[in-house]
Amino acid sequence: MHTYEVVVIGAGPDPANPSVDGFAMGYRHAEAFENDPRCAVVGVADVVPEHGTAFGETFDLPETAVYEDYETMLTELDPAIATVAVPPAVHHDVVVGCARSHTVDAVHCEKPMATNWPDARTMVQECWRNDVQLTFNRQRRFGKPFVEAKRLLDEGEIGDLERVEITWGDFYDIGAHTVDLAGMFNDEHGAEWVLAALDYREEDVRFGTHQENQMWAQWRYDNGVYGTLSGGEGGDFADASFVLRGTTGEIRIDVDEGPMLEVAHGGDRRAVDVDGETMHVTGSEDDRYGSAFQDRSASEVVDAFEEDREPVISGRRGLNTAEILFAGYESVRRNGRVDLPAEIDGHPLEEMVESGRLTPEPGDE
């Protein structure tokens, strides 16, 4: 007997052909919840009828469980959990709609959190007001390279953490993972300020949102720890995707031509076993899309609800990440440091493109 009935909002296109237009994350979410014996996927809603139909056939749903309108689905199926995989620009409306429906107990949403700072805050506020658990799919928090790095930090392996250096990926999309992980390493402290610069000369639109070509950002947390991110050209200034610098040593994750995780004290370096897991997948040949990380994320949604505690991927913690991301773009718009908390309207990068301040050359079709 399944305890929790789950519905998916946003099936997405063909999951066998992922692209920057859509990764069909609804399928990944559904598979993850189906792999938890406490859950069963009972419905799907997608505004593109053929997407919903294909999803329903894949998960053996009756035709009556396939909807175009998610609100009707919530009313008729009354699920415990809604998992949201629509494009980021729609996250706010759907998450708030779920919270106000008074049908679901938990909402699990794909990252990035939102396309502007006010929407991110409202999503968390509305779920809190309506006693709905809100989580975001920061599934890399459950990957062993990161879990083991956090364990080493907590055990004092490198003394006190002083700085987290990130040289993997971009600022908004991948940054939704990397900046989130920096927050995890630093015990979920909030930032005091952010200072950033970017270059955007070649058009790059992902999931409907502009993405810079190159980014440099620095921020300081309220406990004095610093974070830095260098994406695009110039992202090779460190010898690993993550470098955690402490008072007595360093922890490196995804070392260039080296182990996935290592600890360094001066010239002494020691690899740490992570059971073959990488930043993206486990050691299993079947885990091409990081399915195991998705499974762990879905199980955390249920575990936290049953244990009546804050999930490690909670909306509240997600705000710490979102604030840094939007403040980084706002720093570029203001040509200066942004002290937090700050009033940040809209998506600064999008608005700089719309105003003509940034004029990227059209990308290849």
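Let me start with the core. The largest nonpolar core has 83 residues, and the members that touch the most others are I9, C98, F185, W219, F242, L244 and I251. By nonpolar core I mean a set of buried Ala, Val, Leu, Ile, Met, Phe, Trp, Tyr and Cys residues joined through side-chain atoms within 4.5 Å. Buried is under 20% relative accessible area, exposed is over 50%, and partly exposed is in between, with a 1.4 Å probe and protein chains only. Helix α9, residues 315-334, supplies the largest share of this core, eight residues. A second, separate core has 24 residues, among them V8, A80, I81 and V301. As background, nonpolar side chains in soluble globular proteins tend to be buried together.

A word on the source. This is a predicted model, in which local features need pLDDT of at least 70 and side-chain atom pairs count only at pLDDT 80 or more, while totals for chains, interfaces and linings use all residues. Residues are numbered from 1 along each chain as its sequence is written, and side-chain values use heavy atoms, with hydrogens and water left out.

Back to α9. Helices here are DSSP runs of H or I with at least four residues, strands are runs of E with at least two, and both are numbered from the N terminus. α9 has 20 residues and spans 27 Å from its first C-alpha to its last, close to the expected 28 Å; that expectation is 1.5 Å times one less than the number of residues. Of the 20 residues in α9, 16 are buried. Just after the helix, N335 has a positive phi of about 60°.

Now F242. Which residues does F242 contact, leaving aside neighbours within four places in sequence? The list includes F146, W168, F185, I251 and M279. Contact means heavy atoms within 4.5 Å.

Next, G12, in the loop between β1 (4-9) and α1 (25-34). Is G12 buried or exposed? It counts as buried, because its relative accessibility is 15%. Beyond residues up to four places away in sequence, G12 touches A24, Y27, D46 and H51. Its C-alpha is 9.9 Å from that of A45, 33 residues apart along the chain.

Last, the whole chain. It has 10 helices and 17 strands. Of its 365 residues, 57% count as buried. Among contacts with a separation of 6 or more, 67% join residues 24 or more positions apart. The C-alpha atoms fill a box of roughly 60 × 50 × 40 Å, taken along the principal axes.
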